[in-house]
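Subject: Structure handover and findings

Dear colleague,

Please find below the structure for your records. A summary of what was found follows it.

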Amino acid sequence: MRRTAQQRQSLKTPRAAGLAGVVFALLLAAAIVLIRLGIPQGADAATAGGFPDPTRRSAVRAALALVPFAGIFFLWFIGVMRAHIGEAEDKFLASVFLGSGLVFVATMFAAAAAADAVLATTSRPGGLPAPPTWDFGRHLAYTLMVGFAMRMAAVFTCSMSVIGHRLAVLPRWLTVLGFLTALTLLFVATNVPWAELVFPAWSLIISVHILVAGGRSRPGRGGTS
């Protein structure tokens, strides 16, 4: 009977990780898109003239509301994955995996706070942020999100791909995709707008794979004790 309970737990764990990963990926992708649309970068970002547009302010507010929940589901995803790996995890890789995930969440929260500061400068009655204030807040938000958070996401993606490869729980194509995602986040995301969306895309793919793999194992859960 004890063996059956352990088998059922081993099946529930990947499913919980997959569900948490899917929710995280969707929330993060939505938050990134809303921040990109709400706080322009590039030619449209030279001045704050367009930011008082209620549509842009609403987009930023929606993104700020999504980021905390994305962080919660990401932490849940990390915890469930570590619980599933258990004693088989490599201590070094596990430390990199956990540390990069925690720093990623903290940096995304800081980026959201910077975006909120940009939003607050336009909340004064009839107030338009001075160009230095606008430039500082916008640049800080994007530096935290793209320059730092996504590089931590690259480390997280790489470490998880290595762990999945060593434990043979990820197919080869998904491992290769993880390494390509990490390279994109490290060297491309800072120069190419919207490239940071590859991280939630990778998270969604790997989470769906976990769900599908867990579903295939489900018929065997009625084993004898």
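Is Val192 buried, partly exposed or exposed? With a relative accessible area of 40%, Val192 is partly exposed (buried means under 20% relative accessible area, exposed over 50%, and partly exposed in between, using a 1.4 Å probe and protein chains only).

Please note that this is a predicted model, in which local features need pLDDT of at least 70 and side-chain atom pairs count only at pLDDT 80 or more, while totals for chains, interfaces and linings use all residues. Residues are numbered from 1 along each chain as its sequence is written, and side-chain values use heavy atoms, with hydrogens and water left out.

Fold. The protein contains six helices and zero strands, in the order α-α-α-α-α-α along the sequence. Helices (H or I, at least four residues) and strands (E, at least two) are DSSP runs, numbered from the N terminus. Of the 225 residues, 42% are buried. Taking contacts (heavy atoms within 4.5 Å) between residues at least 6 apart in sequence, 82% join residues at least 24 apart.

Salt bridge. A search of the whole structure finds one salt bridge (a side-chain nitrogen of Lys or Arg within 4 Å of a carboxyl oxygen of Asp or Glu). Arg36 pairs with Glu196, their closest N and O atoms being 2.8 Å apart. Because Arg36 lies in helix α1 (residues 2–38) and Glu196 in the loop between α5 (172–187) and α6 (198–217), the pair ties together parts that are 160 residues apart in sequence. Arg36 counts as buried at 8% relative accessibility, and Glu196 counts as buried at 0%.

Confidence. The mean pLDDT (the predictor's confidence in each residue, from 0 to 100) is 81, and 76% of the residues reach 70 or more. Over residues 1–11 the pLDDT is below 50, and this stretch has 14 contacts in the model beyond near neighbours in sequence.

Yours sincerely
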